[in-house]
Amino acid sequence: MPLDASSLAVFVSCGTPYRIAEEEFILAVEAHLKSHGCTPITVGRSKYSVRQPVEAARDCIAECRGAIVIAFERTRILEAVEYPDSAKARSILVESHPTIWNQMESAMAYSKDIPILGFIQTGIKRQGMLSNRFEWAAIEADLSPDILRTEKFRQIFDEWLLRVRRKSELKSKELDIGDIKISTLLTQLNTKQAWAAIVITFALVSGVATTAFKLGQTFRVP
């Protein structure tokens, strides 16, 4: 997806909605992001690739400056046993879990040091990347567009967006010297700096050539 130069790419992690309320909330979040100069990107929703979804998500997240995680209930366990056939065995009655993609994509974003803003539906079991102990706090509530109009959300979103913009600024300043041509580098220097760089380069080259010549003379085969 081509991005406007002024746009901030934001990865949105969300499962495929299967309720109308879920689609409405995702649309509201996407609209809110766009109204603040961000471009929401979701694999399988706004971004499609010839690669497998996990690879496509990894590539997208690497190019994004922020991430939004929307964790809706995907699986409801009515009765189960944790740690079966052991001394720690315990019964589980009614437990809700989000799509595993929320965990995977959150981990990818975290590994890239990308600011994360999370929305977690009330009742979801919070573990892993959605845990209360996770570095980035999440908004836990009955997810509806009304949340986006609250003062709590406004303050949290403003702080997150500030971090996203800072991340974008830092990223734009990063230079890979291996990708910079000498001619391009010299054009960025003033006259005095350029001459200094040329003199140093010449001295280094001359020094290497002189050393090579002397070594050749020393070890020359008669």
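Me: A salt bridge is a side-chain nitrogen of Lys or Arg within 4 Å of a carboxyl oxygen of Asp or Glu. With which residue does Glu30 form a salt bridge?

Reply: The partner of Glu30 is Arg45, and the closest N and O atoms of the two are 2.7 Å apart. This pair joins distant parts of the chain: Glu30 belongs to helix α1, Arg45 to the loop between β2 and α2, and 15 residues separate them. Helices (H or I, at least four residues) and strands (E, at least two) are DSSP runs, numbered from the N terminus. The model is predicted: local features need pLDDT of at least 70 and side-chain atom pairs pLDDT 80 or more, while totals for chains, interfaces and linings use all residues. Residues are numbered from 1 along each chain as its sequence is written, and side-chain values use heavy atoms, with hydrogens and water left out.

Me: Is Glu30 buried or exposed?

Reply: Buried means under 20% relative accessible area, exposed over 50%, and partly exposed in between (1.4 Å probe, protein chains only). Glu30 has a relative accessible area of 11%, so it is buried.

Me: What span should helix α1 have, and how far apart are its end C-alpha atoms?

Reply: The expected span of a helix is 1.5 Å times one less than its number of residues. Helix α1 runs over residues 20-35, which makes 16 residues, so it should span 22 Å; the end C-alpha atoms lie 23 Å apart, in agreement with this. Just after α1, Gly37 has a positive phi of about 75 degrees.

Me: Which residues of α1 are buried, and against what do they pack?

Reply: Glu22, Phe25, Ile26, Ala28, Val29, Glu30, His32 and Leu33 are buried. Their packing partners are the strands β1 (8-14), β2 (38-41), β3 (66-71) and β6 (116-121), together with helix α4 (151-173).

Me: Which residues of α2 are buried?

Reply: Helix α2 covers residues 53-63, and Ala56, Ala57, Cys60 and Ile61 are buried in it. Seen down the axis of α2, these residues fall within an arc of 130 degrees (taken from the directions from the helix axis to the C-beta atoms), so they line one face of the helix. Their cover includes β1, β2 and α3.

Me: Which residues does Gln121 touch?

Reply: Contact means heavy atoms within 4.5 Å. Not counting residues up to four places away in sequence, Gln121 touches Arg19, Ala71, Phe72, Glu73, Ala141 and Leu143. Gln121 sits in strand β6 and is buried, with a relative accessible area of 16%.

Me: Which residues is Val81 in contact with?

Reply: Leaving aside neighbours within four places in sequence, Val81 is in contact with Ala89 and Arg90. Val81 is part of strand β4 (residues 75-82). Eleven residues separate Val81 from Ile92 in sequence, yet their C-alpha atoms are 5.6 Å apart in space. Arg90 also forms a salt bridge with Glu82, at 2.6 Å between the closest N and O atoms, and is partly exposed at 38%.

Me: What is the phi of Asp85, and what is that of Asp113?

Reply: Most residues other than glycine have a negative phi. Asp85 has a positive phi near 55 degrees, and Asp113 has one near 60 degrees. Asp85 is in the loop between β4 and β5 (90-97), and Asp113 is in the loop between α3 and β6. Both are exposed: Asp85 at 84% and Asp113 at 54%.
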